[in-house]
Amino acid sequence: MALKVGIQLYSVREEMAKDPFETIRKVAEIGYKNLEVANSRADQDPGVGFDVPADKLLEILGGFGAQVVSSHICPIDETTLPAIIEYHHKIGNKYIGQSVDFFPDYDTLLKRCEYYNQVGKTLAPYGMKFLYHNHYQEFQKLQDKYVLYHIMENTDPAYVDFELDTFWAMRGGADPVEVIRTLGSRMKLVHQKDFSKTTDSPVNLWTVKDPSKPIATREDFGGGFDPKDFCEVGTGTMPIQDILDAANQVGAEYVILEQDFTQLSPMESIQISMDSFRKYQGISWE
């Protein structure tokens with residue numbers, strides 16, 4: 001099976017805030033029919049973040065030939081999870097994830113793994129899985145091992161899988177291809193963007209940040225990178241064909257565009273990335 005192309009709707013967040021349905025129509029016309037939603041208000045809306053009932057969403061997406069294949073949702077806890085499950089099961093979304101997490105120490109890391117397992121165990125009867133999505137802080141080492149690999153070893157494959165953001169893995173000093181191979185069959189989705197050829201920022205953020213100081217909070221995360229570090233797929237320096245090949249070798253399902261920042265208009269940006277995706281091998285357009 002070849003990878004299917006999708007988009008994290010955070011990539012067009014400004015347009016989504018103005019008119020989500022028109023934005024999804026335009027995104028689908030460009031060719032992104034597989035959608036990953038970003039909902040940071042699950043305590044108010046358990047769905048996709050813009051207060052649309054599940055039945056209505058299915059009707060609208062069906063008109064565009066689109067579907068929700070994954071999600072980033074927060075908060076996920078015992079009060080929000082039942083409604084999240086009900087909504088996302090109804091729309092056929094099998095992957096529930098969160099966009100970011102922080103680990104001040106090893107004990108906290110193990111507690112978070114317990115949480116991921118518990119969420120995944122609650123999702124399992126509905127044919128759904130919890131996905132862990134990384135940034136660069138998962139490529140700090142605790143007890144001489146990447147945080148990401150501790151998460152892999154301390155979560156149950158029956159309940160927890162991974163969505164590797166290859167850009168952030170590279171910014172953490174790791175080789176995305178090797179990380180994909182290590183995650184193996186638990187590697188379900190790839191997040192892809194590209195690293196600019198013109199930025200003067202270092203690829204490895206640990207050359208400007210202290211790798212011995214844990215990224216323990218959202219405030220710690222910021223700094224040391226520039227929005228101009230980001231560029232459209234196929235226009236930068238990342239070995240994207242190698243990444244796609246590795247993802248196919250381990251049986252990943254989707255490559256999801258997530259364009260954190262762009263120097264272009266969002267629609268122009270995602271069109272350029274789509275044009276690039278169409279040139280790569282190992283992608284399915286069915």
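Guide: A crossing is left-handed if the near helix is turned anticlockwise from the far one by less than a right angle, and right-handed if clockwise. Helices (H or I, at least four residues) and strands (E, at least two) are DSSP runs, numbered from the N terminus. This is a predicted model, in which local features need pLDDT of at least 70, side-chain atom pairs count only at pLDDT 80 or more, and totals for chains, interfaces and linings use all residues. Residues are numbered from 1 along each chain as its sequence is written, and side-chain values use heavy atoms, with hydrogens and water left out.

Visitor: Which hand has the crossing of H2 and H11?

Guide: The crossing of H2 and H11 is right-handed. H2 and H11 (residues 266–277) pack at about 25°, their axes 10 Å apart; axes are lines fitted to C-alpha atoms, for helices over the stretch in contact, and angles run from 0 to 180 degrees between N-to-C directions. H2 is therefore roughly parallel to H11 (angles under 35 degrees).

Visitor: Which residues in H2 and H11 meet?

Guide: Contact means heavy atoms within 4.5 Å. Thr 23, Lys 26, Val 27 and Ile 30 of H2 meet Met 267, Ile 270, Gln 271 and Met 274 of H11.

Visitor: Which residues of H3 are buried?

Guide: Buried means under 20% relative accessible area, and exposed over 50% (1.4 Å probe, protein chains only). In H3 (residues 54–64), Ala 54, Leu 57, Ile 60 and Leu 61 are buried. On the other side of H3, Asp 55, Glu 59, Gly 62 and Gly 63 are exposed.

Key
Angles under 35 degrees count as roughly parallel, over 145 as roughly antiparallel, 65 to 115 as roughly perpendicular and the rest as oblique.
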